Amino acid sequence: MVRTKEYRMKSESIKKFLYILPFMCLLAIFAYYPLYGWVYAFFDYTPPTPLSQSTFVGFKWFRSLVENQVKIDQLLQVIKNTFGMSGLGLLFSWLPMIFAIFLNEIKALRFRKFVQTVTTLPNFISWVLVYSLAFSMLSSEGIINGLLNQLGFTDSPILFLQDSEHVWITMWGWSIWKTLGWSAILYIAAIMSIDESLYEAARVDGATRMQVIWHVILPSLMSTYFVLLMLQIASFLNNGLEQYFVFQNAFNKENIQVLDLYVYNLAMGGGSYSVSVAISMLKSLVSVVLLFSVNGLSKMIRGESVV
Amino acid sequence: MSDKAAGLAVNNVHTNNKHSSITEILISALIYTLYTLFALLCIFPFYSIIINTISANDLSARGEIVFYPQQIHFQNYLDVFKIPGLWNAAVVSLGRTLIGTSLTVGASAFLGFMFSQEDMWGRKFWYRFTIITMFFNAGIIPWYLTMRSLHLTNHFLAYILPTIVAPFFIILVKTFVESTPKELQQAASIDGAGIMTIFFKVILPISKPILATVAIFAAVDQWNSFQDTLLLVTDSKLYSLQFILYNYINQASSLSTMVNLQNAGSTAMATLATKQTTTSIRMTVTIIVVAPILLVYPLFQRFFVKGIMIGAVKG
């Protein structure tokens, strides 16, 4: 009797697994099988010759990354861009928190709702659309140049989009434009869950508005900030491709190429698949190390893992 | 964003006595100014492009339409659909959004529910197996190479299959299901309901709010997706709206010439105000691509605050 019950529970447990098995297969194919693509880094692969007929070259492509000064310089520039733009992001990682805190200070409820709605919108449009908006506004025949020209400020259009020198800052600016309102939502949620009695206590003590922010609100947002900061550090090398791909042009290419874009340009533009895969592989490995490091750091500081 | 938030805002503010009220007012003024400016910065580009698409095209091309439309007409919206491939791309984008979203929502609901079943064989392992893919991937080129070896390049399924299992949405649903009373499932189970019956009859109906949130996120992702077309598709029949918009930004001048030639053949000759320019083509297509988002945004806006808060509990 007991045995049949145990057996039935066991079979029920297996049955449940079988239900999710097809989905796990999908995941295996589309998330895990691509790791097999890393073998291309060890072959002399040039399409259309299939991999099976390519020669095995060991670590040749990894060594080739640093074989001469030109290549080293190129890779260094790409790493510099990646560090620069991710670094700017980290440096201003507190912006969404401040945005949420002061948004909460707005008493006019309808105005606050309006600001929140409007500033969240850009998060829901694609980078292609952002670029299209940027192009309409800032290109040589764009609205801004039209306005400057009409007002007599400029004779010839300013080439905002071709500018290379400030591209780190403009790229940072566009991603703030796109994500600031959205990123603030987590903090807004956290502010709403602050215990009423804390405000009460501060009021009894005669705290000013800034003191309430400093001593009540800010401390209660720190754990959210910490988790998000750790995740941001973990994805330091993953700037993504789309933003930089759509904004890149012949003029700003040197300063806009982050690792993700460089890898894409090497393979799809230059046909150097093997080198590109080699860089991809290094990037993924470093990212995993980063993830484990921040996770360890978080366990050490907060006694809780972020992942 | 409800009454509680309003209460808090009022509470925070009246913490004070007269003597620092001038600073308070200055701070308020500064806050209002900055938020107004940023809000304007966020909507002005949309507004500006919309008024440009309905204004006289010659004025628009010279950058003379800045704050309000002039000589309003809607010819541009009729003309852009004469560009070959635009209808087709609209169908591709709509198709992938509808099919992809339904499958993603279905799979997220089912997997979120199944991962909440503590007696499932290897539950912890499979859950981790799923979640870890959020933080780790092989990279775009290895992904492209393996997709090619699976013969999924230039295939509509390349838009659908990889998006079905979405870890983030699974977390959202699982957290939600775990927050609902266990008794509901137990009662159904005692009545002899199997796992599938429980899923369809008990879980799906109570999970509507979170599924709405997932559906919105998934649909926006599908509609906005650009990278998969860029990497995997060379067949123009499978181009999405996002992808052809990107192409149009770079080749709008040849397209405007073509549309104008087509119009010249027809009885209605285009005047200067309705003649297509690079600017008018580019801006009109932009509005067509962004319109679905702008139209549904006010409706779905209220969902995602809730959704993200559920997800934030354990993210």
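Helix α5 of chain A passes helix α2 of chain B in a left-handed crossing, a crossing being left-handed if the near helix is turned anticlockwise from the far one by less than a right angle, and right-handed if clockwise. The structure is a predicted model, in which local features need pLDDT of at least 70 and side-chain atom pairs count only at pLDDT 80 or more, while totals for chains, interfaces and linings use all residues. Residues are numbered from 1 along each chain as its sequence is written, and chains are lettered from A and ligands numbered from 1 in the order in which they are written.

Helices (H or I, at least four residues) and strands (E, at least two) are DSSP runs, numbered from the N terminus. Axes are lines fitted to C-alpha atoms, for helices over the stretch in contact, and angles run from 0 to 180 degrees between N-to-C directions. On the α5(A) side the contact is formed by F114(A), V115(A), V118(A) and T119(A), which meet Y35(B), F38(B), A39(B), C42(B) and I43(B) of α2(B). Two residues are in contact if their C-beta atoms, placed from the backbone, lie within 7 Å. By class, these residues comprise eight nonpolar, one polar and no charged. Ala, Val, Leu, Ile, Met, Phe, Trp, Tyr, Cys and Pro count as nonpolar, Asp, Glu, Lys and Arg as charged, and the others, Gly among them, as polar.

Between the chains as a whole, 83 residues of chain A are in contact with 79 residues of chain B. Helix α1 (residues 2-32) of chain A gives the most to the chain A side, with 14 residues. That side has 57 nonpolar, 16 polar and 10 charged residues.

Within chain B, helices α9 (residues 167-179) and α12 (residues 208-224) pack at an angle of about 175°, with their axes 10 Å apart. This makes α9(B) roughly antiparallel to α12(B). F169(B), L172(B), V173(B) and F176(B) of α9(B) make the contact with I210(B), T213(B), V214(B), F217(B) and A218(B) of α12(B). The contact has eight nonpolar, one polar and no charged residues.

Helix α4 (residues 95-104) of chain A is largely enclosed by the rest of the structure, because seven of its 10 residues are buried. A residue is buried if 20 or more other C-beta atoms lie within 10 Å of its own, exposed if 12 or fewer, and partly exposed in between. The buried residues of α4(A) are P96(A), M97(A), F99(A), A100(A), I101(A), L103(A) and N104(A).

The loop between α7 (140-149) and α8 (157-160) of chain B holds H151(B), and N154(B) also lies between α7 and α8. Neither is a glycine, yet phi is positive at about 60° for H151(B) and about 55° for N154(B). H151(B) is exposed, with 10 other C-beta atoms within 10 Å, and N154(B) is partly exposed, with 13.

Chain A is assigned domain 1 (1-41) and domain 2 (43-302), with bounds that come from an automatic or database domain assignment. The domain centres, taken over C-alpha atoms, are separated by 36 Å. Five residues of domain 1 are in contact with nine residues of domain 2; the domain 1 side has four nonpolar, one polar and no charged residues.

Definitions and conventions
Parallel < 35°, antiparallel > 145°, perpendicular 65-115°, else oblique.
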